[in-house]
Amino acid sequence: MAHPADSASTPPAPNAGEDGAIHSPPPPPQSGRPKVVIVMGATGAGKSRLAVDLAAYFSGVEVVSADSMQVYRGLDVLTNKVPLHEQKGVPHHLLSVIDPSVEFTCRDFRDHAVPIIQEILDRGGLPVIVGGTNFYIQALVSPFLFDDMAQDMQDCTLSDHPDDIGLTNDDEGGGYERLKEIDPVAAQRIHPNDHRKIKRYLELYATTCALPSNLFQGEAAKKWGRASNSKFDCCFLWVDADLQVLDNYVNQRVDCMMDAGLLDEVCDIYDPDGVYTQGLRQAIGVREFDEFFRLYLTRKECDKDKATSSAIMLNVHDDQLKRLLDGAVSQLKTNTRRLVRRQRRRLHRLSKDFGWNLHRVDATKAFCCTTGNSWNKEVVEPCVDVVKSFLSDGTTCLPSTNASDGIGEREVWAQYVCEACDKRVLRGAHEWEQHRQGRGHRKRVQRLKQKKIQTMRPSESS
């Protein structure tokens, strides 16, 4: 499926050079913080396309990917990496540079990205950070990162046995309960399924005997997650669209990925004993096909003549394999739609709770009208105006999302459990309120009320 941006062409400009780009000079040297542009948004919203389009208006644009899965080598189709021909000669960094088996944290991203950004600035270029992994971007611009303080504390201790935390890879579920016993305040601040952070908290306690929650006090708590004290002067562009439009697009994009060889990619890294909580195997679209490949490859062993390719796998005639494949594709679409919602909630939270000045651009019309110049008119041109104003004097002409001065620490970190939705855990007052207003939650609450009324009727009649 073609993205709405794919059918748009950048209008000719009176000051364009031989390569068609408007060579707006980079911002003049200044004593202030270096300027960077950050393009954010949910998966499928058109972030990468917008970044490339900006290069037609500003000289020296270089893209730095902030995607937690695209940084790994492999799964180019599944992770939707920008093909070389679509990069249009714009340099891209942090794509396919990390071994797929290793863990790449927010701190790793920051430590890789900062030198790259500085090199772009030294060349007189304009760094454009692009990605849907909002925690990566937050680690890049925030003056406080948990991993830094944890490392500083570990460096000041004599302990060299970080594994002494009573937790193994096979006991991830027990880690949260262990953390609740040690530090219930810290446990309240993270999701029970965030095994990576749970392990880091437990390791910190094991090596320093310090409670992780003590790190989130005083000035550290006030600075955490905020961009106001960043070493960079950031212009945040948020490409968004109507949720139903994004849902329809990601569903169609999965179908296109299937036709483009997604199954071949996943089959190449499939391991029946593999772990889905580290490295590239964490990507949405890997775990979902586990049952299908487990059965398919077992039967392939019994049939030496059976080849393995996307075309053959997509047209299996075995009813059981067909059901497993259809179920995996359906689950991939569902999980991708859920990712869209998580990313959008996170962006709202960055604006409301952490005071990020996000300039939201609505791409809905560009999705609904993929002919003519809709992408440029609805998305590119408004963003160009914002960036031009930002580079010239730091002001912007596009209204930003409503950013508050921040809310209390308790509201930011509060954890809510929705009993009506199978004890789903929500973090922060904003995420809880969004969940309460959701259609799915309201339906479940209504069903529970009706069920309660029905169970009360027999006693009333007697």
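# Aromatic, charged and cysteine side chains in a predicted model

Phe292 and Phe293 are both buried, where buried means under 20% relative accessible area, exposed means over 50% and partly exposed lies in between, computed with a 1.4 Å probe on protein chains only. This is a predicted model, in which local features need pLDDT of at least 70 and side-chain atom pairs count only at pLDDT 80 or more, whereas totals for chains, interfaces and linings use all residues. Residues are numbered from 1 along each chain as its sequence is written, and side-chain values use heavy atoms, with hydrogens and water left out.

**Overall architecture**

- Of the 462 residues in the protein chain, 47% count as buried.
- Among contacts in the protein chain with a separation of 6 or more, 76% come from residues 24 or more positions apart, a contact being heavy atoms within 4.5 Å.

**Aromatic side chains**

- Across the whole structure there are eight aromatic pairs, counted for rings of Phe, Tyr and Trp (its six-membered ring) whose centres lie within 6.5 Å, with planes under 30 degrees apart called stacked, over 60 edge-to-face and the rest tilted.
- One of these pairs is Tyr249 with Phe367, which is edge-to-face because the ring centres are 5.5 Å apart and the planes stand at 70°.
- Tyr249 belongs to helix 10 and Phe367 to helix 15 (residues 364-368), so this pair ties together parts that are 118 residues apart in sequence, and both Tyr249 and Phe367 are buried.
- The rings of Phe292 and Phe293 also make an edge-to-face pair, since their centres are 5.3 Å apart and their planes are at 65°.
- Phe292 and Phe293 belong to one aromatic cluster together with Tyr270, Phe289 and Tyr296.

**Charges over rings**

- The charged end of Lys35 sits over the ring of Phe390 at 4.3 Å from its centre, the criterion being NZ of Lys or CZ of Arg within 6 Å of the ring centre and within 35 degrees of the ring normal.
- The charged end of Arg360 likewise sits over a ring, that of Trp238, at 6.0 Å from its centre.

**Salt bridges**

- The structure holds 17 salt bridges, each defined by a side-chain nitrogen of Lys or Arg within 4 Å of a carboxyl oxygen of Asp or Glu.
- Arg123 forms a salt bridge with Glu62, with 2.8 Å between the closest N and O atoms.
- This pair links distant parts of the chain, 61 residues apart, with Arg123 in the loop between helix 3 (106-122) and strand 4 (126-130) and Glu62 in strand 2 (residues 61-65); Glu62 counts as buried because its relative accessibility is 9%.
- Asp247 and Arg341 meet through their side chains in a salt bridge, at 2.8 Å from N to O.
- Asp247 lies in helix 10 (residues 243-259) and Arg341 in helix 14 (residues 319-352), so the pair ties together parts that are 94 residues apart in sequence.
- With a relative accessibility of 7%, Asp247 counts as buried, whereas Arg341 is partly exposed at 29%.
- Helix 10 and helix 14 are also linked by Lys333 and Asp255, which form a salt bridge with their closest N and O atoms 2.9 Å apart.
- In that pair, which is 78 residues apart and places Lys333 in helix 14 and Asp255 in helix 10, Lys333 counts as buried at 17% relative accessibility and Asp255 as partly exposed at 36%.

**Helix 3**

- Helix 3 has 17 residues and spans 24 Å from its first C-alpha to its last, close to the 24 Å expected at 1.5 Å a residue, where the expected span is 1.5 Å times one less than the number of residues.
- The buried residues of helix 3 are Phe109, Arg110, Ala113, Ile116, Ile117, Ile120 and Leu121.
- Just after helix 3, Gly124 takes a positive phi of about 80°.

**Cysteines**

- The count of disulfides comes to zero, a disulfide being a pair of cysteine sulfur atoms within 2.5 Å.
- Cys421 is in no disulfide, and the nearest cysteine sulfur, that of Cys418, is 3.5 Å away.
- Cys421 is buried, with a relative accessible area of 8%, whereas Cys106 counts as partly exposed at 24% relative accessibility.

How values were computed. Helices (H or I, at least four residues) and strands (E, at least two) are DSSP runs, numbered from the N terminus.
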